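Please go through the structure below with an eye to its strands, its pockets and a few single residues. A short report is wanted.

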Amino acid sequence: MTQSEENYIKTIFLLEEAGKGKILTNAIAEKLETKASSVTDMIQKLEEKGIVTYKKYQGVNLTSAGKRAALALVRKHRLWETFLVNRLNFGWDEVHEIAHQLEHIQSESLVEKLDAFLGFPETDPHGEPIPGGDGKVQLKTPYLINLSEAKPGEKYILEAVLYPSDVFLRYLNKVGLGIGSELQVQKIEDYDLSMEILILGNSCFLSNETTQNLMVKHYGE
């Protein structure tokens with residue numbers, strides 16, 4: 001499988017993981033920053049290889065073989081991100097592109113030794129679950145909620161970041177939010193659902209788009 005094909009199947013998997021429903025070619029094109037026509041061409045090739053199923057206007061889905069391949073890529077990517085942050089002291093906003101390059105290394109023994117070297121981590125530096133060598137994914141703990149669903153006056157701890165792009169992570173750094181950060185919801189605006197929160201005693205305003213990308217648990221759970 002080529003690197004380009006791997007990029008496509010991983011993108012489809014992450015869109016499925018995020019609960020996006022029908023995975024349409026336009027959504028894939030947006031994530032990969034390419035033309036919808038190019039996506040259609042690639043999808044047809046992947047379908048011929050038994051990696052995806054595709055019906056016009058009904059979207060794309062990974063086959064069982066496609067999902068296994070995607071999980072292996074996601075596993076490598078998140079292990080490399082963990083290694084870069086925990087062992088080489090990169091910032092969590094610096095590792096995506098490097099891990100993207102490293103995930104295409106084909107050696108299974110390297111991946112298993114990397115996993116053991118890191119102590120078999122369950123999540124990456126962004127709080128995302130790392131698939132096991134058996135292809136199983138440890139789902140996010142059931143008590144996690146989206147910050148957009150949080151209630152004023154209550155305290156929470158940030159546990160995971162959805163869609164952890166470098167730009168978004170740098171923004172979180174700027175406002176003082178990271179995995180494990182404690183925060184208290186102060187107010188939610190009726191107009192646009194933006195949220196005022198307290199971080200270490202400092203007030204900060206987050207857009208609804210931002211709060212939808214953050215997973216939290218109640219303080220003390």
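## Model and sheet

This is a predicted model. Six strands make up an open sheet with antiparallel pairing. Their order is β3-β8-β4-β5-β6-β7. At the edges sit β3 (145–146) and β7 (202–206), each of which pairs on one side only.

Within this sheet, β5 (residues 182–188) and β6 (residues 195–199) are joined by five bridges in the antiparallel sense. Lys-187 stands opposite Glu-196 in β6.

## The β1–β2 hairpin

Strands β1 (residues 52–55) and β2 (residues 59–62) run antiparallel, and four bridges join them. Tyr-54 stands opposite Val-60 in β2. Three residues lie between the two strands of this hairpin. There, Tyr-57 takes a positive phi near 70°.

Arg-78 belongs to helix α4 (residues 64–86). Its relative accessibility is 6%. Arg-78 therefore counts as buried, since the cut-off is under 20%. Beyond its neighbours within four places in sequence, Arg-78 contacts Leu-14, Glu-17, Asp-124, Glu-128, Pro-129 and Ile-130.

Glu-30 is in helix α2 (residues 25–32). It has a relative accessible area of 65%, so it is exposed; the cut-off for that class is over 50%. Glu-30 and Met-215 are 185 residues apart in sequence. In space, their C-alpha atoms are 24 Å apart.

## The largest pocket

Rolling a probe the size of a water molecule over the atoms shows where empty space is left. The largest pocket has a volume of about 1,200 Å³. Its lining counts 35 residues. Nearest its centre are Leu-14, Lys-31, His-96, Tyr-163 and Pro-164. Two or more lining residues come from each of α1 (3–17), α2, α4, α5 (96–102) and α7 (166–175). Helix α1 gives the most, with seven residues.

By class, the lining of the largest pocket holds 14 nonpolar, eight polar and 13 charged residues.

## The second largest pocket

The second largest pocket holds about 410 Å³ of space. It is lined by 19 residues, and Arg-68, Ala-72, Leu-73, Lys-76 and Glu-108 are the closest to its centre. Helices α1, α4 and α6 (108–117) each give two or more residues to this lining. The largest share, seven residues, is from α4.

The lining of the second largest pocket divides into seven nonpolar, five polar and seven charged residues.

Key. Residues are numbered from 1 along each chain as its sequence is written. This is a predicted model: local features need pLDDT of at least 70, side-chain atom pairs count only at pLDDT 80 or more; totals for chains, interfaces and linings use all residues. Side-chain values use heavy atoms; hydrogens and water are left out. Buried means under 20% relative accessible area, exposed over 50%, partly exposed in between (1.4 Å probe, protein chains only). Two strands pair if DSSP finds at least two bridges between them. Contact means heavy atoms within 4.5 Å. On a 1 Å grid over the protein atoms alone, a cavity is a set of points where a 1.4 Å probe fits but cannot get out, and a pocket is an open set with protein on both sides within 12 Å along at least five of seven lines; lining residues have an atom within 4 Å of a point. Grid points are joined across faces, edges and corners, and a volume is the space filled by probe spheres set on the points. Ala, Val, Leu, Ile, Met, Phe, Trp, Tyr, Cys and Pro count as nonpolar, Asp, Glu, Lys and Arg as charged, and the others, Gly among them, as polar.
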